[in-house]
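Please keep the structure open while reading.

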Amino acid sequence: MSVETGRLPAEGVRAMFDRIAPVYDAMNRTMTAGLDRRWRRLTAEAVVRPGDVVLDACCGTGDLAIACARAGGRVTGVDFSERMLERARRKAPELEWVAGDMLSLPFADASFDAATVGFGVRNVDDLERSLRELRRVLRDGGRLGILEITRPRGLLAPFYRFWFDGVVPLLGFVEVRYRTFAGGIVALHTAKTELLGSDPGRSGRRQTP
Ligand SMILES: C[S@@+](CC[C@H](N)C(=O)[O-])C[C@H]1O[C@@H](n2cnc3c(N)ncnc32)[C@H](O)[C@@H]1O
């Protein structure tokens with residue numbers, strides 16, 4: 001579930017998630033009346049195919065990464081909050097959990113078949129750079145699923161349309177779509193990376209030194 005961090009600098013965001021890690025899961029279940037589990041499952045099912053090498057960025061305590069594993073992915077979760085990661089490791093020691101910043105992902109180009117971000121993009125300093133990083137680590141023809149609070153109506157709506165219909169395609173994503181859950185409380189944004197003539201087969205995950 002999204003946590004409003006206002007315009008905190010990255011270090012403030014990291015420290016805040018370290019602090020709320022012990023109560024984060026309980027907060028999620030309560031604030032969404034348990035619906036968050038279903039949203040994460042639908043996100044995983046929308047982008048993960050059995051055998052995919054999957055990145056879950058801003059993985060937090062790991063629930064979306066675990067949903068991606070249940071959908072058949074071989075999953076790596078990355079987050080910059082050690083306390084959130086500790087909980088993820090405890091829940092699913094069989095998955096790979098990496099400490100790292102979404103703005104500078106510690107993985108080589110084209111390492112993943114699919115990537116997900118659950119309630120994470122609104123907390124990052126630089127959304128465009130995050131999307132560029134996700135594009136970089138996804139192979140051509142890879143799939144992206146971003147679960148986030150809904151696209152606002154009213155005054156901000158034209159800005160969002162400009163962002164998702166105008167800017168995101170320029171970052172190398174195509175078939176940018178969204179669907180809403182729970183009467184529009186949250187939205188799942190999906191996209192594919194362009195096929196640029198390189199091998200669209202499966203990725204081998206590579207971590208940068
Ligand atoms: C609201 S939580 C979402 C956790 C999880 N994805 C979920 O669905 O519950 C946001 C997470 O993003 C992480 N985060 C925020 N900015 C980040 C960044 N620049 N790099 C890595 N992780 C980041 C935070 O540490 C936090 O664990």
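Strand 6 and strand 7 are joined by seven bridges and run antiparallel. The model is a predicted one. The chain holds six helices and seven strands, and 38% of its 209 residues are buried.

**Overall fold**
- Read from the N terminus, the order of elements is α-α-β-α-β-α-β-β-α-β-α-β-β.
- Of the contacts in the chain with a separation of 6 or more, 66% are between residues 24 or more positions apart.

**The hairpin of strand 6 and strand 7**
- Four residues lie between strand 6 and strand 7, which form a hairpin.
- Ala182 sits in the turn of this hairpin and has a positive phi of about 55 degrees.
- Across the pair, Tyr178 is opposite His189 of strand 7.

**The sheet**
- Strands of a sheet pair through backbone hydrogen bonds, in a parallel or an antiparallel way.
- The open sheet here is built from seven strands in the order 3-2-1-4-5-7-6, with mixed pairing.
- Strand 3 (96-99) and strand 6 (173-181) are the edge strands; each has a single partner strand, so one side of each has no neighbour in the sheet.
- On average, neighbouring strands of this sheet are turned by 20 degrees against each other, direction ignored.
- Strand 1 pairs with strand 4 in the parallel sense over four bridges, and Asp56 is found opposite Thr116 of strand 4.
- Helix 2 packs on the sheet and touches strand 4, strand 5 (138-149), strand 6 and strand 7 (186-193). The direction of helix 2 makes about 165 degrees with that of strand 5.
- Helix 5 (residues 127-137) also packs on the sheet, where it touches strand 1, strand 4, strand 5, strand 6 and strand 7. The direction of helix 5 makes about 145 degrees with that of strand 5.

**Strand 1**
- Strand 1 and strand 2 run parallel and are joined by five bridges; Val54 has Val75 of strand 2 as its bridge partner.
- Five of the five residues of strand 1 are buried.
- In a regular strand, side chains alternate between the two faces of the sheet.
- In strand 1, Val53, Leu55 and Ala57 point one way, Val54 and Asp56 point the other way, and all are buried.

**Core and helix 3**
- The largest nonpolar core contains 46 residues, and Val54, Ala57, Ala65, Cys68 and Ala115 have the most contacts inside it.
- Helix 3 (residues 63-70) gives the largest share of this core, six residues.
- Helix 3 is largely enclosed by the rest of the structure, because seven of its eight residues are buried.
- The buried residues of helix 3 are Asp63, Leu64, Ala65, Ile66, Ala67, Cys68 and Ala69.
- Covering for these buried residues comes from elements including helix 2 (35-47), strand 1 (53-57), strand 2 (74-79), helix 4 (82-91) and strand 4 (112-118).
- With neighbours within four places in sequence left aside, the contacts of Cys68 are Ala44, Val48, Val54, Asp56, Gly73, Val75 and Thr116.
- Gly72, which follows helix 3, has a positive phi, near 105 degrees.

**Ligand shell**
- The ligand is surrounded by 23 residues, and the closest are Cys58, Gly60, Ser81, Met102 and Gly118.
- By class, the shell residues are 13 nonpolar, six polar and four charged.
- Helix 1 (10-32) and helix 3 each contribute at least two residues of this shell, and the largest share, four residues, comes from helix 1.

**Tyr24**
- Tyr24 is a residue of helix 1.
- Apart from neighbours within four places in sequence, Tyr24 is in contact with Gly60, Thr61 and Met84.
- Tyr24 and Arg87 are 63 residues apart along the chain, and their C-alpha atoms are separated by 9.9 Å.

Conventions:
Residues are numbered from 1 along each chain as its sequence is written. This is a predicted model: local features need pLDDT of at least 70, side-chain atom pairs count only at pLDDT 80 or more; totals for chains, interfaces and linings use all residues. A nonpolar core is a set of buried Ala, Val, Leu, Ile, Met, Phe, Trp, Tyr and Cys residues joined through C-beta atoms within 7 Å. A residue is buried if 20 or more other C-beta atoms lie within 10 Å of its own, exposed if 12 or fewer, and partly exposed in between; C-beta atoms are placed from the backbone. Two residues are in contact if their C-beta atoms, placed from the backbone, lie within 7 Å. A residue is near a molecule or strand if its C-beta atom, placed from the backbone, lies within 6 Å of it. Ala, Val, Leu, Ile, Met, Phe, Trp, Tyr, Cys and Pro count as nonpolar, Asp, Glu, Lys and Arg as charged, and the others, Gly among them, as polar. Two strands pair if DSSP finds at least two bridges between them. Axes are lines fitted to C-alpha atoms, for helices over the stretch in contact, and angles run from 0 to 180 degrees between N-to-C directions.
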